Amino acid sequence: MTTRRRFLTAAAGLAGGIGLASVSRRASATPAAMKDAVRKVVGTATVRQGRVKLDVPPLIDNGNSIPLSVAVTSPMTPADHVKAIHVFAERNPLPNILSVHLSPRSGRARVATRVRLADTGTVLAIAQMSDGSFWSDSAQVVVTLSTCLEEALI
Amino acid sequence: MARAVVSVPSTAKRGQVIEIRTLVQHAMETGFRRTQLGEAIPRDIIRSFVCTYNGEEVFRADFHPAIAANPLMTFSMVATASGTLEFKWTGDKGFSLTESAKITVA
């Protein structure tokens, strides 16, 4: 026979299980996942701070559309130019945001777009130079209304 | 039918760095969302964007689900010769869209 106490313990266990399940469904990247994604791009090279300027608002109401721009200080000559710019977010379900490939024909190493951010965390921009070096800049972003994981109204 | 808008200066001086803005109509469904019934909505995004200048590739971007709906891309290039700029977006579910613009370089 099911006693009241047994029933309550079972119910609490079930509720805990549901809570755990819904937490795991909110799959969010971790700083480790971002490190892995960065490692895939840069390989064994070291990433230095500087030369890159990442521009993203520090406080965001709605994570669905955030203006983001990256500018890199470079003469953009055939001998010394930016080959690629990669942008990552620490707390998105997928840490990669964008990769752009530039050449001396670009003239200026600056790109701008609009991105989505799932949660408060670090945004990282890495520039790959023609000499093989990597430079980076990061920004702390606070997101009050998250995106990506909300329920669709369909 | 998806639409694309590109902003390219119609004239430029030789060697001048011009700024190009492109906007394309696309929902950029992330693949992480679910319906109210709990079914996962499959990913449907634009994967890549390529810009060619008189047939030569000058800019390429790889998009991930974190790019907002209706992707906007602002970038620059050196105006070398008069000709045509071709923009091409490709993505999931066979999405493909091209747009072109003419530029006169003096």
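Trainee: In which loop is Met28(B) found?

Mentor: In this predicted model, Met28(B) belongs to the loop of chain B that lies between β3 (17-24) and β4 (46-53).

Trainee: Why is Met28(B) called buried?

Mentor: A residue is buried if 20 or more other C-beta atoms lie within 10 Å of its own. Met28(B) has 21 C-beta neighbours inside 10 Å, so Met28(B) counts as buried.

Trainee: Which loop of chain A holds Met76(A), and what is its phi?

Mentor: Met76(A) sits in the loop between β4 (66-72) and β5 (82-89) of chain A. Its phi is near 55 degrees, again positive in a residue other than glycine.

Trainee: How do you know that Met76(A) is buried?

Mentor: The cut-off is 20 or more other C-beta atoms within 10 Å. Met76(A) has 20 within 10 Å, and therefore it is buried.

Trainee: What elements make up chain B?

Mentor: Chain B has eight strands and zero helices, so that from the N terminus its elements run β-β-β-β-β-β-β-β. The C-alpha trace spans about 60 × 20 × 20 Å along its principal axes. Of the 106 residues in chain B, 30% are buried.

Trainee: What share of the contacts in chain B join residues at least 24 apart?

Mentor: Among contacts between residues at least 6 apart in sequence, the share is 56%.

Trainee: What makes β7(A) and β6 of chain B a pair of strands?

Mentor: Two strands pair if at least two bridges are found between them. Two bridges join β7(A) to strand β6 (residues 72-78) of chain B, and these strands run antiparallel. Thr113(A) stands opposite Met73(B), and Ala112(A) stands opposite Thr74(B).

Trainee: In what order do the strands of the open sheet follow one another?

Mentor: The six strands are ordered β2(A)-β4(A)-β7(A)-β6(B)-β3(B)-β1(B), with antiparallel pairing.

Trainee: Why are β2 (52-55) of chain A and β1 (4-7) of chain B called edge strands?

Mentor: Each of these two strands pairs on one side only. From one strand to the next, the twist averages 15 degrees.

Trainee: How many residues does each chain give to the contact?

Mentor: Chain A gives 31 residues and chain B gives 27 residues. On the side of chain A that touches chain B, the elements giving two or more residues are β6 (96-101) and β7 (110-115) of chain A. By class, that side has 14 nonpolar, 10 polar and seven charged residues.

Trainee: Which residues have the most contacts inside the largest nonpolar core?

Mentor: They are Val70(A), Ile85(A) and Val87(A), in a core of 60 residues. Apart from neighbours within four places in sequence, Val70(A) is in contact with Val52(A), Leu54(A), Ile85(A), Val87(A), Val111(A) and Ala125(A).

Trainee: How does the span of helix α2 of chain A compare with the expected span?

Mentor: Helix α2 (residues 31-42) has 12 residues. The expected span is 1.5 Å times one less than the number of residues. From first C-alpha to last, the helix reaches 16 Å, close to the 16 Å expected. Just after α2(A), Gly43(A) takes a positive phi of about 70 degrees.

Note on methods: Residues numbered from 1 in each chain as written. Chains lettered and ligands numbered in written order. Predicted model: local features only at pLDDT ≥ 70, side-chain atom pairs only at ≥ 80, totals over all residues. Core = buried A, V, L, I, M, F, W, Y, C linked by C-beta atoms within 7 Å. Buried ≥ 20, exposed ≤ 12 C-beta atoms within 10 Å, placed from the backbone. Contact = placed C-beta atoms within 7 Å. Helix = DSSP H or I, 4+ residues; strand = E, 2+ residues; numbered from the N terminus. Nonpolar A, V, L, I, M, F, W, Y, C, P; charged D, E, K, R; others polar. Axes fitted to C-alpha atoms, helices over the stretch in contact; angles between N-to-C directions.
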